[in-house]
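The sequence and structure are shown first.

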Amino acid sequence: MANHGISANLVVYLSRKLHEGTVKSSNNVTNWTGTLSLTPILGAYVADTYLGRYWTFVSASAIYIMGMSLLTLAVAVPALRPPSCDPGIKDEDCTLRASPFQVGIFYCALYMIAVGIGGTKPNISTMGADQFDSFEPKEKHQKLSFFNWWMFCIAFGNFFSYTFLVYIQDNVGWSLGYGLPTIGLVISVLVFLVGTPFYRHKMPSGSPITRVAQVLVAAVRKWKVNIPNDPKELHDQPSLDEHADKMKHRIDHTSSLRFLDRAAVKSTRPSTPWTLCPVTQVEETKQMMKMIPVLLTTFIPSIIIAQTHTLFIKQGTTLDASMGPHFKIPPASFGAFVTIFVLVTLAIYDRYLVPTLRSYTQNPRGITLLKRMGIGYVVQIVIMVLACLVEKKRLLVARENGIVGKGEKVPLTIFILLPQFALMGVADAFLEVAKIEFFYDQAPQGMKSIGTSYYTSSYAVGSFLSSFLLKTVSDMTKRDGHKGWVLDNLNLSHLDYYYALLAGFVFLNFLLFLVVAKSFAYNVDISEAKIAVEA
């Protein structure tokens with residue numbers, strides 16, 4: 001709730017209070033949300049290497065709360081918030097501007113929040129999944145639905161943000177609109193701390209980055225060495241007695257990425273961890289590396305998700321938001337429809353589709369995680385085609401009514417945007433849940449937090465790509481005297497062309513994803529989970 005309580009309406013605050021233009025405000029939102037999703041890589045590393053998931057979460061929560069508190073002060077305290085004009089003057093027409101100090105405090109608070117989320121986001125979901133014992137058949141079966149219901153619960157918080165908090169921010173005040181999620185964050189952390197005695201805690205297992213680097217260095221050093229045909233000739237862990245407590249995490253040799261097996265080839269020279277690695281360590285590296293092609297195919301779809309917080313909302317500010325004679329729906333509240341359709345789709349998928357599909361596929365998840373992601377990609381293609389057509393309609397109505405001024409309302413209901421927001425919820429229910437479960441499930445036991453950070457980093461890169469693409473398209477389409485596709489005045493822009501471009505990118509990315517998915521080999525755990533469910 002705290003995260004989305006800010007991001008849901010941030011582009012509106014930047015436009016109205018800090019007077020940033022379409023491209024700048026949109027890019028500042030995507031740069032911030034990208035950072036939100038990039039810092040979890042550091043948080044995951046700290047958790048897996050030094051502090052463990054519990055203490056990383058607790059420490060980062062303190063930073064998160066401080067950031068939220070500073071942000072609330074930045075919009076509430078007169079010396080810190082941007083100056084306001086007289087009540088009769090619209091924010092868009094106000095000539096007073098925030099000082100560099102006020103802008104700096106606001107962005108400092110935002111990026112403090114990004115640091116806090118970096119330690120909480122990859123560890124709380126991973127810690128939740130850790131509460132299920134993968135070696136107990138009943139708990140392993142329950143774990144298969146964990147991420148569905150995890151996303152379901154998050155969606156409830158998002159719904160509150162997109163409806164109640166956005167309305168408060170637009171109609172009551174930003175200080176209360178940011179103060180409420182701050183209070184909610186404090187309460188949620190306290191509730192988490194109360195449950196401390198009941199959690200299953202996983203201890204840090206050493207630096208996963210170092211373990212991966214050792215395998216890569218050892219493999220490169222011995223690139224001329226022949227790999228034996230018999231995997232038993234490779235260097236394995238010492239005796240079972242010495243490592244009895246680690247046997248649950250032992251990984252047998254696989255034939256994928258065989259060039260890395262050189263790291264486990266024995267030699268007559270004295271060995272170090274950088275010249276000789278056990279098979280389990282090599283297989284851990286293989287599991288992390290074989291997910292990278294899948295990760296690369298998630299970047300373009302993350303650009304599409306970023307539009308729901310930026311351009312989709314900017315479109316809504318040009319439309320008739322009336323719901324009856326006395327109420328206007330805030331454009332950012334349309335994110336609530338994303339949440340509603342996530343909730344509905346997840347409930348139907350988990351309770352009805354999965355049991356039905358399971359009877360045909362014999363897969364405990366109904367369909368594989370990559371097939372579920374593929375469905376989300378297809379829905380995203382439909383979304384961008386639809387968004388393009390809707391924008392064409394909006395511009396047509398604007399021209400027919402002679403509306404060309406910045407800020408002028410087009411006589412078209414804002415609910416024309418509803419289908420693209422609703423379908424985004426359906427896409428998220430398939431794509432986003434499958435992504436986080438895929439990267440957690442396919443990561444080795446000692447690198448689960450790093451695996452989960454793959455999920456967040458996909459959105460980070462997508463957000464930064466969104467900023468780069470929007471700025472590039474805006475600049476390039478203004479050359480040679482052209483008006484440009486993306487202007488501060490959306491009534492003179494051509495967002496329909498931009499959306500068509502995004503649709504083309506998503507389609508090409510989907511073709512690449514099909515190639516990657518076809519060649520991907522799941523870990524043995526997938527089949528083991530299947531046996532557990534059937535038992």
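Helix axes are lines fitted to C-alpha atoms over the stretch in contact, and angles run from 0 to 180 degrees between N-to-C directions. Helices (H or I, at least four residues) and strands (E, at least two) are DSSP runs, numbered from the N terminus. The model is a predicted one, in which local features need pLDDT of at least 70 and side-chain atom pairs count only at pLDDT 80 or more, while totals for chains, interfaces and linings use all residues. Residues are numbered from 1 along each chain as its sequence is written, and side-chain values use heavy atoms, with hydrogens and water left out.

**Helix packing**

| Helix pair | Angle | Axis separation |
|---|---|---|
| α3 (residues 22-76) and α16 (residues 448-476) | about 160° | 8 Å |
| α6 (residues 146-171) and α15 | about 130° | 9 Å |

Helix α3 packs against α16 at an angle of about 160°, which means that α3 is roughly antiparallel to α16. Angles under 35 degrees count as roughly parallel, over 145 as roughly antiparallel, 65 to 115 as roughly perpendicular and the rest as oblique. The crossing of α3 past α16 is left-handed; this term applies if the near helix is turned anticlockwise from the far one by less than a right angle, and right-handed applies if clockwise. The contact of α3 with α16 comprises 12 nonpolar, 16 polar and four charged residues. In this classification Ala, Val, Leu, Ile, Met, Phe, Trp, Tyr, Cys and Pro are nonpolar, Asp, Glu, Lys and Arg are charged, and the others, Gly among them, are polar.

For the second pair, packing at about 130° makes α6 oblique to α15. Helices α6 and α15 cross in a right-handed manner. On the α6 side, Phe147, Asn148 and Met151 meet Glu432, Val433, Ile436, Glu437 and Tyr440 of α15, contact being defined as heavy atoms within 4.5 Å. The contact of α6 with α15 contains five nonpolar residues, one polar and two charged.

**Nonpolar cores**

A nonpolar core is a set of buried Ala, Val, Leu, Ile, Met, Phe, Trp, Tyr and Cys residues joined through side-chain atoms within 4.5 Å. Buried means under 20% relative accessible area, exposed over 50%, and partly exposed in between (1.4 Å probe, protein chains only). In the largest core, of 76 residues, Met384 and Tyr499 touch the most other members. Helix α14 (residues 369-400) gives the most to this core, with 13 residues. Apart from neighbours within four places in sequence, Met384 contacts Ile304, Phe312, Tyr499, Leu502 and Ala503. A second, separate core has 36 residues, including Leu10, Val29, Leu71 and Trp174.

**Individual residues**

Phe513 lies in helix α17 (residues 495-519) and is buried, at 2% relative accessible area. Not counting residues up to four places away in sequence, Phe513 touches Thr297, Leu370, Met373, Gly374 and Tyr377.

Ser333 is in the loop between β1 (319-320) and α13 (335-361). Ser333 is likewise buried, with a relative accessible area of 6%, and, leaving aside neighbours within four places in sequence, is in contact with Tyr162, Thr163 and Val166.

Phe415 occupies the loop between β2 (410-413) and α15 (418-441). With 29% relative accessibility, Phe415 counts as partly exposed. Beyond residues up to four places away in sequence, Phe415 touches Met323, Phe334 and Phe337.
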